[in-house]
Amino acid sequence: MEHVGSVLKELGEGKLPSSDDNIKIYEKSLTTSEHTKLLMINDHKAKYLLAAGEGELYDALEGDTVNDLGKVCPLSHANRLVLNRYFDYTVPRAFGTKAATMGLGDRLGLASPGHIETVRNRRVKPILAQQSIRELTLTNRTMNDMLDAAAFAVFQEGYKDGYGADGDHIKTEEDIKYALGLGVSMLTLDCSDQIQKKYESATEEEIRSDYDALDEATKSHYKEAYLNKTCHLDGLEITFDEVTLMKNVLLYGDAITYMAHVYDAYISKLDRDFDFEISIDETETITTPSQHFFVANELKLRHVAVASLAPRFCGEFQKGIDYIGDLEQFEKELCEHAQIAAYFGYKLSIHSGSDKFSVFPIIAKYTNGVLHVKTAGTNWLEAVRVVAQANPELYRRMHAYALEHVDEALKYYHITPDFEAIKPLDCAADSELTEYMDDDNARQLIHVTYGLLLTAKDVDGRFLFKDEFFQTLDDEEDTYRAALVSHIGRHVDMLDL
Ligand code: ZN
């Protein structure tokens, strides 16, 4: 603690201490509030918030007092809540329908500083906290861990331009209540359980007979609102014939009822601005522009205010690799989806948006700087790339473990790689290991096995990789930050944000 003592002393004297071999100083975190000075540091084992001075803020922070010089405070949940009370910019906020936003999920709780540097002074706001329940479960993290990491990153970087927190791909009311209670500023409602997928492949006979069974009031509403009517949207015409209408009602009726219920019961009751996103993308079949229009129009009729909506686009948006599919068809449909979103006044949302470099120019062309793009695992792949460079031996063990256990991960993800085609580890020199992160098959292997790798333990209950992985990334903090600024920066550039 002797090193911390001298840093605290300088902080108390109103100086900005400088980094040395023992303690790294995050200069942008230096903050004065009333009679308290705060500074974030890293002693190469953990990060701490140092507090010097006196007053309510000083007293509210939990930590160890060092020789009357000040306090060394852990980055605990309680201390995050204190920062939230005193510094508005550390609280997640909504951005509405006019600003571009980018979901930058951080599976490790380490990527946000690099993400912040990437979007600083760009035309896009970061949704720094964005993890699905699935991702949190697979990595043994909680939603509070995720929110704490984002808030501390914002404080560390002195980033005051605002950030969001997304309760991502939430399905159940229990999870909705939980996420809202923790203070998320955005919720992505995953309606895949309510979309009646069986009607995708149903025959006309089946569709007619199931539709007939609906009650008369429902049927007459749909008939009056849509049947043989043409909606004109700035160059795009949408018409519903009888069977298309019936199929849309059967496919999406229950989902729309659920969306409206969630909005009425929870979202509309919040006493803060909020970004409500509707996700109908987690299905096997693509959302046609007419289906998108139908869902959007029903939400409007039910007075559901939507900030963004994610359809399932044609082609494949697999994790961690570029778009697979017909670019011409994608451009035609993306243009129509974008027109529909603009017509209803919300943002088009693109999920699994990382690494889709071949379609970014098309997306940029039709969304005109107003969209939401989600990325999640690509920052994990960049972290693995840093480890492959700095700690080849650890990378080799992780790679071998991933190959051995990937079948367990495949039940959660739809991907179509050829693992047989991955170059055998014993044919790769240490200096070539980072090339695995340029190979689509190896990228997908590592992309989906993150949960297994980060939670794997030996017979004595010690982590096989996690502790060493985090230590390596801490040692290589600046390299990791630079890698994110370059890789995520390429996304932002190509989306013209
Ligand atoms: Zn999705």
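**Domains**

Contact here means heavy atoms within 4.5 Å. The model is predicted, so local features need pLDDT of at least 70 and side-chain atom pairs count only at pLDDT 80 or more, while totals for chains, interfaces and linings use all residues. Residues are numbered from 1 along each chain as its sequence is written, and side-chain values use heavy atoms, with hydrogens and water left out.

I noted the bounds: domain 1 covers 2–76 and domain 2 covers 378–493. They come from an automatic or database domain assignment. Taken over C-alpha atoms, the centres of domain 1 and domain 2 are 34 Å apart.

Asp-281 is buried, at 10% relative accessible area. Glu-282 is partly exposed, at 36%. Buried means under 20% relative accessible area, exposed over 50%, and partly exposed in between (1.4 Å probe, protein chains only).

**Barrel**

I traced eight strands that close into a barrel, in the order β6-β7-β8-β9-β12-β13-β14-β15, with parallel pairing. From one strand to the next the twist averages 25 degrees. Strands (E, at least two residues) and helices (H or I, at least four) are DSSP runs, numbered from the N terminus. Two strands pair if DSSP finds at least two bridges between them.

I looked up one pair. Strand β8 (residues 164–170) and strand β9 (residues 186–190) run parallel and are joined by three bridges. Asp-166 has Met-186 as its bridge partner in β9. Helix α6 (residues 143–157) packs on the sheet and touches β7 (125–132) and β8; its direction makes about 160 degrees with that of β7. Axes are lines fitted to C-alpha atoms, for helices over the stretch in contact, and angles run from 0 to 180 degrees between N-to-C directions.

**Cores**

The largest nonpolar core has 145 residues, and among those touching the most other members are Leu-189, Phe-330 and Trp-380. Helix α10 (residues 242–265) gives the most to this core, 13 residues. Such a core is a set of buried Ala, Val, Leu, Ile, Met, Phe, Trp, Tyr and Cys residues joined through side-chain atoms within 4.5 Å.

Beyond its neighbours within four places in sequence, Phe-330 is in contact with residues including Phe-313, Tyr-323 and Ile-363. A second, separate core has twelve residues, including Ile-25 and Val-72.

**Two helices**

Is Gln-444 buried or exposed? At 2% relative accessibility, Gln-444 is buried. Gln-444 sits in helix α16 (residues 440–448). Outside four places in sequence, the contacts of Gln-444 include Lys-319, Ile-415 and Pro-417.

Helix α4 (residues 112–119) is mostly covered, with seven of its eight residues buried. His-115 and Ile-116 are among the buried residues of α4. Their cover includes β6 (101–104), α14 (378–390) and α19 (477–494). Asn-121 follows α4 and has a positive phi, near 65 degrees.
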